[in-house]
Amino acid sequence: QIAETVNGKIDGNSELHIKGVCDLKNSSVDHLSYITSGKYEKLFHQSKAMAILVGNDFAVDRGNKTLIYVENPAISFIDIIHLFYPKESPAEHIHSSSVIPPTIQMGKNIHIAPFVVVEDNVKIGDGVRIGAGTCIGRDTRINNGSYIYSNVSIYHDVEIGKNCIIDSGSVIGADGFGLVKDNNTHHKMPHIGGVVIEDNVWIGAN
């Protein structure tokens, strides 16, 4: 099943029972790991993992291990992690404590957690998830499949692309450090633009 998931070729015991995934060094029996480059090959026989993803050019004697040959072991390992730990798909739900104005445009299968505040003229695409305590400013657009975690502050006129991840505590669209000095007085330069985040962007916490 694992080999089929990653279109891999098995060399060894095709009936091996795999319970999970592990690191090559901090490994466990009945688990699967991967090797990406030559510098890790010295750990191959030391690893407890009984099944290992390897590149098509891997040439080390497998011993008693089972190999799965793939084009890119690291990418295939991600697919296998998803096999063991499927992504959560929460049901469509808008919590009653959230503040949603009538001017908002919402797609399908949206999940909005408690205490979310959304301002006017916001557009939220299909499959978007918004975590608790997040604030979204006016005229902002969040495109399909993006996940906004809890306590994120999104200012006005922000566009977030498809399948983005914005982790907790992040602030999107705050003014830059723009000051003009006049006779020892600093004047804040108005920042009237917005922020555009394109598709498939991950913004880390804070």
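1. Basis. The model is predicted, so local features need pLDDT of at least 70 and side-chain atom pairs count only at pLDDT 80 or more, while totals for chains, interfaces and linings use all residues. Residues are numbered from 1 along each chain as its sequence is written, and side-chain values use heavy atoms, with hydrogens and water left out.

2. Strand β4. Helices (H or I, at least four residues) and strands (E, at least two) are DSSP runs, numbered from the N terminus. Buried means under 20% relative accessible area, exposed over 50%, and partly exposed in between (1.4 Å probe, protein chains only). In β4, residues 51-55, five of five residues are buried. Ala 51, Leu 53 and Gly 55 point one way, and Ile 52 and Val 54 the other way.

3. Neighbours of β4. Two strands pair if DSSP finds at least two bridges between them. Strand β3 (residues 31-34) pairs with β4 in the parallel sense over three bridges, and Leu 32 has Ala 51 as its bridge partner in β4. Strand β5 (residues 66-70) also pairs with β4 in the parallel sense, over five bridges; there, Tyr 69 is the bridge partner of Val 54.

4. Ser 33. This residue lies in β3 and is buried, at 1% relative accessibility. A polar atom of its side chain is 3.0 Å from the backbone nitrogen of Leu 24. Leaving aside residues up to four places away in sequence, Ser 33 touches (heavy atoms within 4.5 Å) several residues, including Ala 51, Ile 52 and Leu 53.

5. Cysteines. The structure holds zero disulfides, a disulfide being a pair of cysteine sulfur atoms within 2.5 Å. For Cys 135, the nearest cysteine sulfur is that of Cys 164, 19 Å away. Cys 135 is partly exposed at 36% relative accessible area, whereas Cys 164 is buried at 1%.

6. Salt bridges. A salt bridge is a side-chain nitrogen of Lys or Arg within 4 Å of a carboxyl oxygen of Asp or Glu. The whole structure has five. One of them joins Asp 11 and Arg 62 at 3.3 Å, N to O. Asp 11 lies in strand β1 (residues 9-11) and Arg 62 in the loop between β4 and β5, so the pair ties together parts 51 residues apart in sequence.

7. Further pairs. Asp 157 and Arg 138 form a salt bridge with closest N and O atoms 3.5 Å apart, and Arg 138, Asp 139 and Asp 157 are linked in a network of salt bridges. Lys 188 and Asp 175 form another, at 2.3 Å. Lys 188 is exposed at 54% relative accessibility, and Asp 175 is partly exposed at 35%.

How values were computed
Polar contact = N/O pair within 3.5 Å; in protein donor to acceptor, adjacent residues only side chain to side chain.
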